[in-house]
Amino acid sequence: MRKKLGKSTDKRDGIVKKSMDVLKKSSENEKRKKDMRKLEKKSRPKGYRAKKLGAFTFWMLFLFMLLIVFVNIFSSSGNSNASDKTESLQVNKALAAEGVEFSKDFVSEYFTWNIGDEDREQRVEKLSYYLPKEINAQAVIADKQWKSTIAREDIILKEVEDMADNRARITFQVKIHFENFAAGQEKKEDDKKSGKVIPEKIETVKYISVPIFYDDEKRRFAVYELPSFTYLDEQKIDESIESETEGLKPIKDGSTQNVRAFMETFFEAYANDSRDKLTYIIDDPQHQNGLNQTMSFVGLKNTEIFEGKKANEKIVKTDVVLAEPKTGIEFTSTYILVLAEREMRYTVLFVNNKQYIDELKDKEIANVEKEMDMEGEKDNQE
């Protein structure tokens, strides 16, 4: 029993001794490291810390200045891009539809007057809403024999010229009606049998250019100068204009019979059916109302069928004869449809959609260019 106790005590003492040795060595190592640090500090030249601090400060300042430069570059480029965008977004408001309507209203007032001083005062008042005060009086015609009238439908827009700075020149063709009652009075005296005074009437066509300005601050239009007469040499359109389907690949196989039969059925429904029914055969949301029985379907003429973007898609250009229901008067209209064949039946994807055709043409051009590039590479290899 004593032997066993002695052995365990010896083991414990050995472990303790080893632990003390480890602690002693670690303390000696720490002491040695401290001594090395002290020697290193002593061996450093004077101003070492100052140099270190100076180098650190220099690099910090350098990085800070570099950051400022980058911020200025990107901010200035951003501002310039923003200013470019704002400049590009600036629209000449004088060219807007409201500007054209304002000019048309002015022309209507400008060519409408009666004879007499009272009417002249009224015209000065009316034109003051269009013209600056200093030129208003000059615009009022003071003719004592002829009165003038103009119908709004006889004021036809012909040209819009962008003058920049919210200014534009709007040119109209106008048909003016003049009447001279003084000449009619003379005729009455010559013809005593007639009890009515028939005025002398003249109808004339002119071209007039109206300079208008949009005031951003006051948010209104104005005719900033007196209108000027001009002339446009209008000619008949003799030459033909390229059709949207020009250059597409035509289809002339047996499938055209089914397409033509569908077109007859479709336009019959397009003229007469309600929106609820048309949604089953028309995907294009802009045309799902159809004609809502405002026109009657008569027939088709000059139907042409072309390949679409996909194998199951076709483009159909056709002239549709429609009749006005109450009078029976017939009109011919051109429609371009994009059809898709789904589950053995056709659906109308688009009605008069130019974007689809343009994308198809761009795709075909890209394919041709790709084939030419491949042929060129093949020739170079040979």
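Start by selecting β7 (296-307) and β8 (313-323): a hairpin of 5 residues joins the two strands. Strands here are DSSP runs (E, at least two residues; helices are H or I, at least four), numbered from the N terminus. This is a predicted model, where local features need pLDDT of at least 70, side-chain atom pairs count only at pLDDT 80 or more, and totals for chains, interfaces and linings use all residues. Residues are numbered from 1 along each chain as its sequence is written, and side-chain values use heavy atoms, leaving out hydrogens and water.

Between β7 and β8 you'll find 9 bridges, running antiparallel; two strands pair if DSSP finds at least two bridges between them. Click on Gly299 and look across to its bridge partner in β8, Val321.

Stay on β8. Is it buried or exposed? 11 of its 11 residues are buried, so the strand is largely enclosed by the rest of the structure (buried means under 20% relative accessible area, exposed over 50%, partly exposed in between, with a 1.4 Å probe and protein chains only). Both faces are covered, with Ile315 and Val321 among the buried residues on one side and Val316 and Leu322 among those on the other.

Ile315 stands opposite Val338 in β9.

Now bring in β10 (345-351). You now have the open sheet, in the order β7-β8-β9-β10, with β7 and β10 as its edge strands.

Terms used: Contact = heavy atoms within 4.5 Å. Axes fitted to C-alpha atoms, helices over the stretch in contact; angles between N-to-C directions.
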